[in-house]
Amino acid sequence: MNFTRWSARLPGTQRRAAARDDRSSVPAARAECARPETASALPATDADAEADAESSVAAEASPAAGVPAPGLADLSAREILGQLPAPVALLQGADHRVTYVNEAYETAFGPRPIGAPAAEAMPELAELSLLPLLDQVLRSGTPRTVKSRKVLSGDSYTVTCTPVAASGTGSEAGVLLYATDVTDHADAAERLRTSERRHRETAVTLQRSLLPQELEQPDDLRIAATYQPGGTDAAVGGDWYDVITLGAGRTALVIGDVMGRGVRAAAVMGQLRTAVRAYARLDLPPHEVLQLLDGLAAEIDASQIATCVYAVHDPNEARLVYASAGHLPILVCDEDGVIHRAEDPTGPPLGTGGWIHTSGTIGLPPGSTAVLYTDGLVERRSEDIDEGVAALERALSGAKGSPQVVCDRLIRSLGVTAEHDDDVAVLVVQHPARTGSNAELFHNASLELLGGVEAAPRARAFATGVLTSWRFPVELCDLGVLAASELVANSLQHGTPPMRLGLRRTDRRLIIEVTDGDDHLPRRRRAEPADEAGRGISIVAAIASSWGSRRTPGGGKAVWCEFALPQ
């Protein structure tokens, strides 16, 4: 094959027509040196190559001779490609026979026999998965580039395959390979990916460690939750949830989302979750909890905004009392499959300040299911978020089974996969409708405390009769009656009407609660030996599994204690 014929078709080797000597007898297809007009034009034959080289060296060594240095048009393609520092190879024909490899190619991959098929003589092409690409380039005549592919030696190359048309009769089309060693770039990119992966794993581990490892399961509710971080290309967010047992059968349900990504968002989420649990122990109304949380969020990081829903379930009221700080609405599906949506958020996101939060209510009767969720479940770039909430409503209306089954079905129905671009947290709460023998384990009884001090003996008699009818062991009945007497006596002495004694049993505990119209909460104190009073709360704390008090919405208070039932 006449290699010089290829030079006219390779980028950068077109010869300037103005530089040609029209009087020269040398064919235009051959590379030649343009002489000054005073010099005779001689064919640049192979026999003269050595003499030409010596003349060029002499001309460079003697600037005074006035002979110009060779230009681009004076160099052949072989000379240009041979001086390139990047590996270059030329393949010809359908079997991609090796026509030429430059010195840089031989340095990188070793000598290659001229005329041998590339599939046999150039194993590096198979390692780079280039053999099928060579066929495509040869057929289509379109250049193709593959980036950062690695050979067995560990080096990485970016390779451009350029089609070269046949130069004339008897010649065949070919492909020019130009490889760039990008090993350093590939190693740096891999180190960056490794660093990002470790950063993401750290954030995911931190976030999962801050979420509840095991959900509390109240007596009257069945709860399940799912957290799924975004795909590998998405940074970890600040989605979180929690279930907090408040005592006396009441339960707090929390879900929130810290705006932002990465470890910082996960750390802020952990601080907010810890604060919510601490505020919940005060047994405050939902809007007061969010009011405190709003101030704390601004102190933690004024640039971090978070949304949150805090809801409280009281089994005696069959509803959720909630407050929402810019979060998506709670959805409730009743026993007939009808969806109820909580009202708009009762306040702006946490950390904004300057807003008085309020509480709202939504029914949660027996047989219903409530769903609390973050925006990653319903928000898509291609549609309005209201459409996502509507899709969640449709999925919830047909979801049946245990809370975990409902969680999984909602995740699948909303198209959330392992490659989802945002974190997702879902909290499913079911208030089961109890029937048959299961319903016999749940009872309520109450007594209005009227008539002053004579209400105490009536309360003792009422508690004795109710606990006996519930077939509790004698020891538990005696402890229950004692606790009820002390709580009633404390209310009669320090509270104001109206007063009420409530008894409630579940499948796991006995709950005794006394309410009155005074909002001063009792405190446990150490009574001196000479004191005639002040021991009632200490006695209750000593015999009960737990006790507590809270202010009621009407301006009074409730004092309660619990006894764990024997297994």
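Asp507 is partly exposed, at 30% relative accessibility, a class that lies between buried (under 20% relative accessible area) and exposed (over 50%), computed with a 1.4 Å probe on protein chains only. This is a predicted model, in which local features need pLDDT of at least 70 and side-chain atom pairs count only at pLDDT 80 or more, while totals for chains, interfaces and linings use all residues. Residues are numbered from 1 along each chain as its sequence is written, and side-chain values use heavy atoms, with hydrogens and water left out.

The side chain of Asp507 forms a salt bridge with that of Arg508, at 3.9 Å from N to O; a salt bridge here is a side-chain nitrogen of Lys or Arg within 4 Å of a carboxyl oxygen of Asp or Glu. Arg508 is also partly exposed, at 31%. Through shared partners, salt bridges join Asp219, Asp507, Arg508, Arg509 and Glu562 into one network. By this rule the structure has 21 salt bridges.

Another salt bridge brings together Arg500 and Glu448, at 3.6 Å from N to O. Arg500 belongs to strand β17 (residues 499–505) and Glu448 to strand β16 (residues 443–449), so that the pair links distant parts of the chain, 52 residues apart. Helices (H or I, at least four residues) and strands (E, at least two) are DSSP runs, numbered from the N terminus. Arg500 has a relative accessible area of 34% and Glu448 one of 44%.

Strand β4 (residues 156–164) has two antiparallel partners described here, β3 (residues 144–150) and β5 (residues 174–181). Strands pair if DSSP finds at least two bridges between them. Five bridges join β3 to β4, with Val146 facing Val159 as bridge partner. These strands form a hairpin with five residues between them, and Gly154 in the turn has a positive phi of about 105°. Between β4 and β5 there are eight bridges, and Thr158 has Thr180 in β5 as its bridge partner.

The axes of α7 (residues 183–210) and α8 (residues 262–281) come within 9 Å and cross at roughly 10°. Axes are lines fitted to C-alpha atoms, for helices over the stretch in contact, with angles running from 0 to 180 degrees between N-to-C directions. The helices are therefore roughly parallel, the class for angles under 35 degrees. His199, Ala203, Leu206, Gln207 and Leu210 in α7 meet residues of α8 that include Val263, Ala266, Met269 and Arg273, contact being heavy atoms within 4.5 Å.

Methods:
Angles under 35 degrees count as roughly parallel, over 145 as roughly antiparallel, 65 to 115 as roughly perpendicular and the rest as oblique.
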